[in-house]
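Subject: Structure handover

Hi,

Here is the structure for you to open. My notes follow below.

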Amino acid sequence: MKRLLTSLALAALLTACGQPGTPAGDPPEDPGADADAGPFELDRSLLAVERSFPDYFLAHKDYFTPHVSQVGETPVWLLRNLGGWAANSIVIEGPEGLVVYDTGVNRAHGRLLAKAIANLSDKPIAAIVYSHHHVDHVSGTDQLVDPARVATGELPVYAWHNFPAEYRDENEVVGPIMGLRAMYMFGAALPAEENVHQGCCGRQFVGGSRGYVPPNRLVEADGRFSAGGVDFELFHTGGEAASEIGLYLPAHRVVLLGDELYPALANLYTIRGAKFRDAQKWAAAGRRALEFDVEYLLGTHLPGPIVGREAIASVVETHGDAILYLHDQAVRFMLKGETPDQLSARFQALPEFLDRDPYTRAMYGTPQYNAAQQFVGYLGVHEGDATQFRRTAPAERGRRLVELMGGRDRVLRKAQAALAEGDPQWCAELTTLVLRRDAADEDARLLKAAALRTLGYAETNPQWRNWYLTGAGELDGSIDPEDLAKTISDIARGSDLPIPVLLDAMRYRVAAERIGDRRLQVAFVLEDSGDAYLLTLRNAVLHRDDAPSAEALAGAGATLTLESDKLKKVLLGEADLRWALLTGGAELSGDADALRDFFDALERGIPAVAFHSQ
């Protein structure tokens with residue numbers, strides 16, 4: 001004990017007197033201190049980032065050359081990426097008519113498909129099959145067939161039974177924000193020379209009005225069907241989308257797999273956002289082809305058929321194993337307590353034995369996000385650390401961290417030095433802290449834009465590349481998020497959405513802080529159809545009744561009677577209530593103030609979203 005006390009006393013004496021060469025009482029030199037502690041000066045020479053493309057990125061675009069091709073000697077044709085649009089359509093000719101599997105990205109794409117189909121055969125389209133609910137597969141329909149024939153049931157449009165709900169959730173409920181994110185992901189705001197291809201698909205993706213026609217044959221079990229004299233077996237896969245279905249054509253030994261296989265690693269998580277995708281279903285989806293006597297395997301993003309059972313087995317087994325590898329190994333490390341960030345850092349690439357060009361290359365899905373998404377899908381957002389419960393708000397956290405690190409100028413000097421030394425990622429992370437503190441900081445915006453461009457031009461994955469470059473444009477002002485939001489609004493306006501869909505979307509525009517616990521009830525009566533809708537705002541929640549009784553309608557605070565087209569214009573923000581009333585054809589009964597207050601409680605339009613500076 002005496003020896004211990006002596007040692008402690010000696011240590012205290014040395015501390016008080018200072019180490020040799022260090023004056024007593026002076027703090028040790030900070031090895032991270034700046035040589036120049038003056039105001040930050042932006043080096044504008046670092047902002048000019050030269051456009052470049054990785055070699056494999058350019059080589060990969062050859063998979064998406066527009067083409068119409070026959071599948072062997074069968075009466076099956078692949079209409080690949082016509083017009084550069086990022087999806088395929090598949091046509092099967094039967095003795096009595098044609099079956100079309102998927103109808104394109106938009107009406108412009110649908111018109112190209114219609115022309116190509118007319119060149120293949122003069123037979124009528126006897127049926128349409130939607131592989132799944134994503135808009136790039138179902139939005140050219142009204143250019144191929146008369147929607148009235150679908151509405152009456154004369155022309156069947158097949159889809160899985162959950163298709164309407166999945167379509168609604170993705171394309172209507174969160175459609176505005178997912179549409180904006182898709183514009184970043186697919187590079188819709190980038191110059192044409194930047195938008196080369198999408199890794200899964202062709203060059204173009206977002207834009208144009210939708211000609212979607214709802215399906216009228218919702219299938220609840222796998223089974224055999226006939227249309228146009230074509231016998232096909234429809235089967236559910238549910239991997240890339242919960243509504244995904246495939247077709248088997250027994251007469252031709254052809255399997256169609258929708259989006260369950262494309263020339264890239266499966267996208268278990270898409271950065272535009274989507275519901276959790278079941279990796280185990282997706283891995284099994286490709287192997288479904290082997291349950292049949294198959295000679296040709298086609299997909300709605302595949303560049304061409306995979307021919308021969310042996311080749312098909314080799315591709316789908318490796319592709320499925322890559323999916324399961326990331327799922328199983330992610331779960332393995334989740335069980336050890338690893339978080340999404342740790343999983344993403346761990347799974348930077350697949351092992352070499354799972355590298356199958358192009359089917360497991362990270363040109364669409366990525367190992368990092370595929371692995372991290374398993375945590376979110378199984379365990380949710382809480383990572384197990386109690387400090388997450390009441391996190392410091394991002395803006396306040398940024399302010400405190402920048403202050404802790406020596407202030408804005410010091411952080412920007414370090415960020416600029418990182419960019420100059422070839423570390424754009426660290427530059428982007430440091431400038432993000434400054435922007436959390438002040439989103440309008442011009443120097444931080446320009447530095448981060450240069451960092452994102454540097455990262456983008458080095459990136460092989462097209463979606464990551466597009467988001468880097470679009471974010472850079474947002475930061476330096478060459479891309480305006482409000483313009484992107486307007487594009488999404490224009491798509492909605494040109495898509496002829498039904499009244500119930502537009503009314504349902506109002507639920508997500510209720511500004512709770514404006515309405516509080518007030519109760520408001522308004523009704524819309526459509527002169528042309530006779531339909532009536534009763535909307536009730538209570539507890540800042542909007543409820544809709546599509547078949548209100550006469551008594552319920554009479555109890556509404558205000559009723560607006562008008563034609564469908566006028567109501568659509570009001571709901572889409574193309575016109576206001578005053579226009580509807582002053583131009584004739586609209587009649588208001590009840591309390592005008594109630595109607596005004598109802599609309600005042602709603603946010604208008606789609607907000608511009610700044611993904612990188614906020």
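Which side chain makes a polar contact with the side chain of glutamine 198? That of asparagine 195, at 2.9 Å. A polar contact is a pair of N or O atoms within 3.5 Å; within protein, one must be able to donate a hydrogen and the other to accept it, and residues adjacent in sequence count only if both atoms are side-chain atoms.

Two notes on the source. This is a predicted model, where local features need pLDDT of at least 70 and side-chain atom pairs count only at pLDDT 80 or more, while totals for chains, interfaces and linings use all residues. Residues are numbered from 1 along each chain as its sequence is written, and side-chain values use heavy atoms, with hydrogens and water left out.

Glutamine 198
- Glutamine 198 sits in the loop between helix H6 (175-185) and strand S7 (217-219). Helices (H or I, at least four residues) and strands (E, at least two) are DSSP runs, numbered from the N terminus.
- Its relative accessible area is 0%, so glutamine 198 is buried (under 20%; exposed is over 50%, partly exposed in between; 1.4 Å probe, protein chains only).
- Beyond neighbours within four places in sequence, glutamine 198 has contacts including Met185, Arg203, Tyr364 and Asn466 (heavy atoms within 4.5 Å).
- Phenylalanine 57 is 141 residues away in sequence, yet 9.9 Å away C-alpha to C-alpha.

The sheet
- Seven strands form an open sheet, ordered S1-S2-S3-S4-S5-S6-S7, with mixed pairing (strands pair if DSSP finds at least two bridges between them).
- S1 (67-70) and S7 are the edge strands, each pairing on one side only.
- S3 (residues 88-93) and S4 (residues 98-101) pair antiparallel over four bridges.
- Valine 91 stands opposite valine 100 in S4.

Regards
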